[in-house]
Amino acid sequence: MEKVPVVILDFGSQYNQLIARRVRELNIYSRIFPYSISWEEISKYKPDAIILTGGPASVHTPGAPLPDKRIFEERIPLLGICYGMQVMVEMLGGKVVPSEKREYGKTPLFVKEKNHLLEGWGEEEIVWMSHGDRVESLPEGFKTFASTLHSPHAVIGDPKRKYYGVQFHPEVVHTSKGKLLFSNFLLKIASIKPQWDMGSFLEKKIQEIRERVGEEKVVCALSGGVDSSVLAVLLKKAVGDRLHAIFVDTGLLRKGERERVESLFLKDFPLNLHIVDAKERFLKALKGVVDPEEKRRIIGNEFINVFEEEAKKIGNIKFLAQGTLYPDVIESTSSFGGPSSTIKTHHNVGGLPEKMELELIEPFRELFKDEVRELGRKLGLPEEIILRHPFPGPGLAVRIIGEVTPEALRIVREADAIVEEEIKKAGYYNELWQAFAVFLPVKSVGVMGDERTYENVIAVRCVVSEDAMTADWAKLPHDLLHRIANRIINEVKGVNRVVYDISSKPPATIEWE
């Protein structure tokens, strides 16, 4: 069994995979396991450190998730984050109580005493809090290194046993020196040597795919986006001509998407490419549907049905590969068995049918978008593909609020193309995580050519983000927003109003549905 230097126990926080990401940024391999994993199983991976994540539970809740107590008997360096710290305190004899004043969002942290964990931190730093309980008394051997106004024990530790806890979330970008804290814990306290990078991940995945697939054929769900494009090139490297890439024209795609895919994967990166025209099929299935979760389920089922039908035509296909990323998984379900909440179902995760004839291969299921982009560079894909903005698997169906109709598709597709063109022309495309148009289910009164109009409204959404787990709306120049709105109203028939979305994630998501 492979060695895992850092074992991360999942207690259900929406930010858990960010912890694994921070560890990987230090070139240290890590894996996330359910909190309930036994010590016997953990020990097989010979970890050099264990991290206990945050989570939505309280240690006082009946049946609260608790790890195997033997992790505290092995003298392996431990870092507890938020709920993970509270679990450590309670299980080692300290006390956690409900806080009179909860802490959420950015909070000043006051460092009382420097130690290895807080090396390089100032006397006051900004951290990201999200908790309703607080530590009241410490276990034997622990001391307090930092506090906040409402958390007297915000950073604690037992240097002798190398057990540390922080009440805040160092994994999110809002904690000013969170990356430094992980570096201090893993490199200095746990003394782990950085030996993992995306190159080693690539080699490992290629070997895994070859061992699993053997001499069988694989169909790849190719959409033309970053994830599926990188996946297709990776699979071609792993299984060669036994890969069959299937591109489904759902009628829900961006303008010119089919032509772009044909050019790239028939000329530049030749594949066994199968193009399926399923526009009428998807529109028929979506007719009358307005609920976003139902849209995703319908699209997920139709995708799988199309793939299975096409696979039968190709013959002797056993595997279906998808470019599913971890943000898709963590918002749909807890893939590692932890008690995280479902935010929304993604068509390629929670939208899949329970029974499938094809076995799934998802090499990127634990990766973030920027890591897939790095993988694409190592595989030689051009920057224009690697730097493409994310596009939802259900396509424009979830950028139309309400029923998906041919008219709504025409409007949002044309508006979206204008947004992308103007953003690129102004030089902001690579600075943004996403920029797109949304068709709203309302009409507004307007005036065009001295006549009253009553037409559709388009929302423009532009965000900046590192990983899509959190995002902020982009503060674009007003003249750029004016050009976008002016062009949409003048060039897209049926629109007389454009609005700009200034919501952050959380509380909003990036996509509207």
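The following exercises, each with a worked solution, concern a predicted model.

**Exercise 1. Determine which salt bridges Arg 258 forms, and state how exposed the residues involved are.**

Solution. Begin with Asp 249: its side chain meets that of Arg 258 in a salt bridge, with an N to O distance of 3.2 Å. Next, consider Asp 277, which also forms a salt bridge with Arg 258; here the closest N and O atoms are 3.7 Å apart. This second pair links distant parts of the chain, since Asp 277 lies in strand 12 (residues 272–277) and Arg 258 in helix 7 (residues 257–268), 19 residues apart. 

Now turn to accessibility, where buried means under 20% and exposed over 50%, with partly exposed in between. Asp 249 has a relative accessible area of 9% and is therefore buried. Arg 258, at 25%, counts as partly exposed. Asp 277 is at 48% and so counts as partly exposed.

**Exercise 2. Characterise the packing of helix 13 and helix 14.**

Solution. Two packed helices are described by the angle between their axes and the distance between the axes. For helix 13 and helix 14, the angle is about 150° and the axes are 10 Å apart. Angles over 145 degrees count as roughly antiparallel, so helix 13 is roughly antiparallel to helix 14. The crossing of the two helices is right-handed. 

The last step is to list the residues that meet. Helix 13 contributes Ala 415, Ile 418, Val 419, Glu 421, Glu 422 and Ile 423, while helix 14 contributes Leu 480, Arg 483, Ile 484, Arg 487, Ile 488 and Glu 491. The residues of this contact divide into seven nonpolar, no polar and five charged.

**Exercise 3. Is Ser 30 buried or exposed, and which residues does Ser 30 touch?**

Solution. Ser 30 is located in strand 2 (residues 30–34). Its relative accessibility is 2%, so Ser 30 counts as buried. Leaving aside residues up to four places away in sequence, Ser 30 touches Val 4, Val 6, Ile 8, Ala 20, Val 23 and Arg 24.

Key. Residues numbered from 1 in each chain as written. Predicted model: local features only at pLDDT ≥ 70, side-chain atom pairs only at ≥ 80, totals over all residues. Heavy atoms only, no water. Salt bridge = Lys/Arg side-chain N within 4 Å of Asp/Glu carboxyl O. Buried < 20%, exposed > 50% of the residue type's maximum accessible area, 1.4 Å probe, protein only. Helix = DSSP H or I, 4+ residues; strand = E, 2+ residues; numbered from the N terminus. Contact = heavy atoms within 4.5 Å. Axes fitted to C-alpha atoms, helices over the stretch in contact; angles between N-to-C directions. Parallel < 35°, antiparallel > 145°, perpendicular 65-115°, else oblique. Left-handed = near helix turned anticlockwise from the far one by under 90°. Nonpolar A, V, L, I, M, F, W, Y, C, P; charged D, E, K, R; others polar.
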